[in-house]
Every structure is written in structure tokens, then in C-alpha cells.
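This briefing goes through one protein structure by topic. Look at the sequence and the model first, then read the points below.

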Amino acid sequence: MRQFLILSGMVIGITTFGTVGIYILNGGTWIESLYLAVVTLTTLGSRDVPKSEAAMLFIVFYLIVGLGIFSYGAFEIGQLIVNNNLRNVWDKRKMEKELSKLNQHFIICGIGRMGLTICEHLESKRKPFVIIDHDEELLEKLHEERRWNFVHGDATDDAVLLHAGIERARSLSTVLATDADNVYVVLSARLLSSKIQIVARASDDSAVQKLQRAGATRVISPFSSGAIKMARFMLSPSIENFLEFTQGKGEWEIVELEIHQNSPYVGQQLSQTDLRERGIMVIGIQRANGSHIPAPVGSVIIQEGDSLFSFGTSQTVSKLTGEIA
């Protein structure tokens, strides 16, 4: 943009210089002077003969000096426009290829304050994600600045969700402006994918029930969550401060480790694994049938489909996730 403004200023400046000089030395009106300045710079020629020798000499000087500046400026401006269009086309093709290859990714519907925060958190964890929103200008700006993939359109449209790869996605969050839109997104997403995890935002209790009935896995009410967090600070300030410190620094985190069929931990007792040696503390297990085992003892056998709720460093957790996925 800065280069474009500089080049435009050069072209406008040399044209203005010629217009003023011709007006002073040759007379006539400002429009006539501007016309003569432009046709001189563009080498189109003119039948108008300058009225004085001084005007002739000025036009010769103006043509010699100004033609180079005008030609360079016009060429560079055209090249900027063409290159920008080609870059946009190339970026969109590249993004489409990336979208088609995504698997087990995250879909964020809505790029307001909550959506932006979710994307920043996923980016910090190096997780693949796609944004769906109707604000194309904002999406293109985010893609240019942060290289975030997006799909422009209405998140309640099945075609848009399919374009974002909902059938291959791991999870979807919907944080649109209204509860009605969020309910519609949840319903559409659940019909398109029965296994995807859906996290939705609700503004009141009645919306929570509707979102759950529509198929949301989890429903978050910012007001209720904020109130509960404030109550926790009142009851256990040291614990909350510790959790905020560890998670805020990005050094420690609580995550869910999914145990798949080919995981090396299937069939092993918890005490037989190397999780503790690797700095991973298992604080709970959820079986595939939905039952929970809080604070599991070492004799508990890890089964296929288990989810291990674990506490450890971000680096260790990320490495372990890649091994057992």
C-alpha cells in the first residue's frame, strides 16, 4: 500500500507540475492546461501549438523529465495491481488445497471476540483449524496477516460446512451472534457428522437446553462460566492462581489423551506405562461407554477408546499425542 501511494503521488505530482507550468507560460484555462500536460506525458500528441517560445521550451523539458517518471510510475502501479491479483488467486488455490487435505481439524463458526480468542489458542497449540464467517474482508485480512484458513459464507449452510471439511473434522465450535444461528449450526453439523464434537455458546439457560437437544456435545454460557470462575476464586484462590499461572505461561496444561486401537498403551496397567516417567500425570479416565474413573489407581487397565485426562508440560503432551494418535 505504501509503495502504491508513493507511485501514485509521483504520477499526480508530475502531472500537476506540468499543468501549472503550461498554465503560467501558455495561458488558457486550467482544463486546457491539464489536457495538454496529460497528452504530452502519454506521448499521444496534440494539435495545440504553444503560444510562446518559453512555453515550447518548458514542454520539451517537461516531456524529457516527466515522461520517464510517468512511464515508471504507471508501469509499477499496473504491476502492483496485477501481482496483487495473481497473489490473491494463488493464495486462494493454495488454501483450497490445504482445506482438502485437512483431517481431524477444528472448525470455528464466527470470528467475533470469542472466535478470535479460540483461533489464537488453537494457533498457539499448533492445531489445524478453519474459520467460517460472512465477513470476507476480515477473513482475507486474517489470512494475509496470520495465514489462517477460512471459508467465506453462512455457517448455517450445509454446503459451507461441507466445504470446511466437517465430515473429517474433529470438533466444531459455534460462537455466532444469536442463539438461533448457533442452534441451526449445531443441528446442521450434527446431521452431517454424528461423531464430531460440537461446542456451542449460549446466552441464557433456555438456549442451553435447545442447543443440547439440537446435538451439541458441550454448551458454554459465558455469564455462567464467568460467575462460576469468580466463585472458585473466592473459595480457592491459590488453586485458581496456580492453574492460571501454569496454563497462562503455556508450560503446563490439562488435556485429553485419546487411546486408539493402535496405541501402545492398550491392554497395559496404568502403573506399567511410562507416562509418569515422561512427566504425565493421569488424573482421570473416561471409558468408551461414558463411565468415569476419577483418580485411577495403578492397577487400572487402559482400554481402546479410553480418554486419559492428563496433566503435563505442553511439549511432552504434544509429543505424546502424536505418538498415540
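The structure contains 5 salt bridges, and the model they come from is predicted.

**Salt bridges**

- Opposite charges on side chains can pair when the charged atoms come close.
- One of the salt bridges joins Glu140 and Lys92, whose closest N and O atoms are 3.8 Å apart.
- Glu140 belongs to helix H5 (residues 136–146) and Lys92 to helix H3 (residues 53–101), so this pair ties together parts that are 48 residues apart in sequence.
- Glu140 is partly exposed, with a relative accessible area of 34%, and Lys92 is partly exposed as well, at 42%.
- Glu258 and Arg170 form another salt bridge, with an N to O distance of 4.0 Å.
- Glu258 sits in strand S7 (residues 252–258), while Arg170 sits in the loop between helix H6 (158–163) and strand S4 (171–174), so the pair links parts that are 88 residues apart in sequence.
- Glu258 has a relative accessible area of 30% and counts as partly exposed; Arg170, at 29%, is also partly exposed.
- Asp274 and Arg278 meet in a salt bridge at 3.7 Å, N to O.
- Asp274 is partly exposed at 32% relative accessibility, and Arg278 is partly exposed at 23%.

**Nonpolar cores**

- In soluble globular proteins, nonpolar side chains tend to be buried together.
- The largest nonpolar core has 40 residues, and those with the most contacts inside it are Ile107, Cys109, Phe129, Ile131, Ile132 and Leu172.
- A second, separate core has 14 residues, among them Val255, Tyr265, Ile302 and Leu308.
- Leaving out residues up to four places away in sequence, Ile132 touches residues including Ile107, Cys109, Val151, Asp154, Leu161 and Ala164.

**Cysteines**

- Cys109 has 0% relative accessibility and therefore counts as buried, since buried means under 20%.
- Cys119 also has 0% relative accessibility and counts as buried.
- The count of disulfides is 0.

**Nonpolar surface patch**

- Val20, Ile24, Leu25 and Trp30 make a nonpolar surface patch of about 380 Å².
- Helix H1 (residues 2–26) supplies the largest share of the patch, 3 residues.
- Ile24 lies in helix H1.
- Ile24 has 63% relative accessibility, so this residue counts as exposed, the cut-off being over 50%.

Conventions. Residues are numbered from 1 along each chain as its sequence is written. This is a predicted model: local features need pLDDT of at least 70, side-chain atom pairs count only at pLDDT 80 or more; totals for chains, interfaces and linings use all residues. Side-chain values use heavy atoms; hydrogens and water are left out. Patches are made of residues with over 30% relative accessible area and no salt bridge: like charges are joined within 9 Å, nonpolar side chains (Val, Leu, Ile, Met, Phe, Trp, Tyr) within 5 Å. Accessible areas come from the Shrake-Rupley method with a 1.4 Å probe; for residues, only the protein chains shown count as cover. A salt bridge is a side-chain nitrogen of Lys or Arg within 4 Å of a carboxyl oxygen of Asp or Glu. Helices (H or I, at least four residues) and strands (E, at least two) are DSSP runs, numbered from the N terminus. Buried means under 20% relative accessible area, exposed over 50%, partly exposed in between (1.4 Å probe, protein chains only). A disulfide is a pair of cysteine sulfur atoms within 2.5 Å. A nonpolar core is a set of buried Ala, Val, Leu, Ile, Met, Phe, Trp, Tyr and Cys residues joined through side-chain atoms within 4.5 Å. Contact means heavy atoms within 4.5 Å.
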